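User: I am new to this structure and would like to learn how its features are read. Could you take me through them step by step?

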Amino acid sequence: MKRCLLMFAAAAVFLLSGCSMASSGGTEVEGLMLIRTVGIDTQSGANAEKPARITVCTGVGLNQTPPKILSREDVSIAAAVENLKYNATGLEPFFSHTQQVLLGEAAAKNGFSAAMDWMLRSMEIRLDTELYAVRGNTAEAVLNGSEGTTTSVSDMLSLLRDTASATGEGYIYNCGEIASSLLSNGNALILAVELEETKVGAEGAGSGEVKPAGYGVICGDTLVGYTEPALSYAVCFLTNHLDAYTMQVTTEDGEYTLMLKNASAEYSPVFSAEGKLSRVEVALKTTCTVLQMESGANLVDEAVRETVAAAVQKVLEEDAASVIRSAVDMDVDFLDIGSACRRKAPGKYDAMPADWDEQFPVTEYSISADVQVERTYDLIHPMERQEDSTF
Amino acid sequence: MEPEKYSAVPATAEGLKQLFEGSADFCSREITVGSSTVTLCYLDGLVAVNSISEYVLRPILAHPELLQAENADALRECLADNGTFSAGVALRTGLQETANSLLSGWCAIFCGGTGAVVFDVPSFDKRAVGVPQEEKVVKGSRDAFVETLRVNTMLVRKKLRDPALKIEEFVLGSSSATRVAVVYLDGFTNERIVTEVRRRLKKIRAVGVLSTAILEEQICDRPRSPFPQLIHTERPDKFCVNLLEGRVGILADGLPLGFLAPGTFAQFLKVPEDLSGHYLVASMLTLLRYISLLLSLLLPGFYVASVVYHHELLPTKLLQAIIDARQSVPFPTAVEVFAMLIAFELLQEAGLRLPSPSGQTISIVGALVVGQSAVEAKAVSPMVVIVIAMSGMAGYTMPSPDMASALRIWRFLLVLAAVAAGYYGLVAAGLLLAWHLCTLENFGVPYMTPFAGGGGFFRALTRAPASGYTPHEPALQGKEKQK
């Protein structure tokens, strides 16, 4: 018993003195700087000797301390990250809680594969870290856009993540999804953001606001273009990532504001008798609820609802066609139509005389939208009670 | 007194006087009965003097046969047969057994020569049956065991009016001569367990059986384990329920508690109210106790491991909150947690030892004033106060104080393991604890039954509706009486 007590006391002295932490790699939590957002840029010209520039940003502290922003540059991203350890705060950057990585436009065009390589190899960056491309700017500029304020870019992007797919502003792809898409299709979508100048307050503090700016299209290891921001919802629709979207349409009766829900897109290849791909039928399906209308039309009347549905259908088909056209123009199947066709008719797809990459730009895409406008409660035109009604 | 020394000595009045020489409470009086002189001996306080006068002396002095007895033997035989009104009468030939009778509240009458007639005239100065002090009753009977063995057996007998209820008595302790009763339901209880309890009780060699530890530590399998192996209760209803489940009860004179063997881990997390409340509520509360057990045991260690080693596993906002809280704390996390654990133990101990009103004051002063001041002075972080308070509160949900104490010891060990190697250390210490518990065996029944084998897994975690409830615990494997 005495021996046990002595061993316990010795263990307690050793463990509580801090010796064990020094020997086994423990770190006191207050010595860490929680990095929430990482910005990666590529420099050229006078700074070409140290082409990789990394900017990191912490979140706003719980007691409203402003976010800390640090930048370093070096020959590679990994080397620049190492340099971050030597900073004036005396805190060790900790990347395991990184939620977003921003790629400057130059880095997305010239160093995308290097950035992906660093993220996938890093022990701390998680595969579910969201990846964004900065449209027309550097990542550093976006991260510094809110310097000195009590709102950080990290918090803005977190808010965007929570609302984007529900508002149709765009689906946010993470590192794992992008790496997987690049591996299987050779291309990927990445949500683009831009810094919008919004002067707030007397001193103009808090001037930056991060807004979605369409999708960046990655092909191979480079950014080849962007989709229009106004068509982001259509991209989401066509990639089956749209949770909800608020749309305005105009009919003869006036303007309607509708909420699109239960959106799905289905691709069906149509083959000729010789086994050639004739066309791809794109079937869009959604249900809508009227949120607001100017006309005062009777929504209980099925004919009125059909008119509204036709208007929505027209907008959807036009926007979907625009998105597919932009994919064809870039010659990048970023909607992954090829895989969808293969899943639909694997035997015929594999037996096609030409491969999908050749077929994609020349194929005809026929788009049809099936829109159901739900019968909503109407105060002005209440439903008439029918004799055989059960309610 | 050395009992062996007197065991062969014949009982005489002089011998008894010599044996109790120097004892102020020893009383003897010579009384003339007809032509003979008898000596009355008793221990004052242990007997009811009125009963001696009324049921022993008055009949002796009024009995015509006694007054005409020819010699001492005839007088003794007449006394033992029908000479008095006392129900408890016995003949004693040895000095030791006569002394034992006196110590048990009997009085002795010597009629000359050797041998004595003893009469049961116990004093009724005993504590009344009251409400349980430690085990709160919400919905159930409110009687509690007292210090008198016979009252306790009466309480049990009143709840289990079954001739199958057996009460075997032993006298333990060379000086205390404590009467200990083994209580069980014949036919319900596994005979192997009863035999084992008897054997272990008989093996006890102690001068006095005056405290619970003497009994507990000498009859349980692994006395060095901090985990309780005998269930103890002050509630007769809980005692009886456990007898019905197939356990063996032990009652000791002078101890207001009943012991039950074998104790299993799951049984220490059950309360009698489980059988009083709705079965869904009872099941939920039982599950809650298991969650509390894990919280109480693991939370401080988990906190240390997470904050020192595995920062990546905490949600970002929680980690940020911990960082903000620890900004001005001068001590390492391990020291902070250890110090708070010790402070909590100090508060608990101080609250227990002081009288009830002062104990409450200490708890309030300690928990609120000192705790808040410590946080405001940045000596500890609020998060650690929350963790230790939650862990402590979870520990209080344990129905058995012995189980709660065992958890407190292991909580310290788990914190040390977490300090040493984070989650790896915590898992290693957890495995060590699991190994320890799984190797414990109690009267031939595995301590972790039914989790480590045996039937009744769901029975341990939940309570079946009354229509499907059977009291007999399958793990105890007794042959059930057909009724």
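Analyst: Let us begin with burial: a residue is called buried if 20 or more other C-beta atoms lie within 10 Å of its own, the C-beta atoms being placed from the backbone. Please keep in mind throughout that this is a predicted model.

User: Which residues of α3(B) are buried?

Analyst: In α3(B), the residues B:Ile52, B:Val56 and B:Ile60 are buried. As a general idea, an α-helix has 3.6 residues a turn, so residues three or four places apart point the same way.

User: How many residues does helix α3 of chain B have, and what should they span?

Analyst: Helix α3 of chain B covers residues 49-62, which makes 14 residues, and at 1.5 Å a residue these should span 20 Å; the end C-alpha atoms are 18 Å apart, which agrees.

User: Where does the kink in α3(B) lie?

Analyst: The kink, of about 30°, lies at B:Val56, shortly before the proline B:Pro59. B:Val56 is also among the buried residues of this helix.

User: Now to the sheet in chain A: in what order do its four strands stand?

Analyst: In general, strands of a sheet pair through backbone hydrogen bonds, either parallel or antiparallel. Here the four strands form an open sheet in chain A, in the order β10-β11-β12-β13, with mixed pairing. Strands β10 (244-251) and β13 (364-373) of chain A stand at the edges with a single partner strand each, so one side of each is left without a neighbour in the sheet. On average, neighbouring strands of this sheet are turned by 40° against each other, direction ignored.

User: Which strands run parallel, and which antiparallel?

Analyst: β10(A) and β11(A) run antiparallel and are joined by eight bridges, and they form a hairpin with two residues between them. β11(A) and β12(A) also run antiparallel, joined by 14 bridges, and their hairpin has five residues between the strands, with A:Gly275 in the turn showing a positive phi of about 90°. Strand β12 (residues 277-293) of chain A, by contrast, runs parallel to β13(A), to which ten bridges join it.

User: What stands opposite A:Lys261 in β12(A)?

Analyst: A:Lys261 stands opposite A:Thr287 in β12(A), while A:Ala244 stands opposite A:Lys261 in β11(A).

Note on methods: Residues are numbered from 1 along each chain as its sequence is written. Chains are lettered from A and ligands numbered from 1 in the order in which they are written. This is a predicted model: local features need pLDDT of at least 70, side-chain atom pairs count only at pLDDT 80 or more; totals for chains, interfaces and linings use all residues. Two strands pair if DSSP finds at least two bridges between them. Axes are lines fitted to C-alpha atoms, for helices over the stretch in contact, and angles run from 0 to 180 degrees between N-to-C directions. The expected span of a helix is 1.5 Å times one less than its number of residues. The bend at a residue is the angle between axes fitted to the seven residues ending there and the seven starting there. A residue is buried if 20 or more other C-beta atoms lie within 10 Å of its own, exposed if 12 or fewer, and partly exposed in between; C-beta atoms are placed from the backbone.
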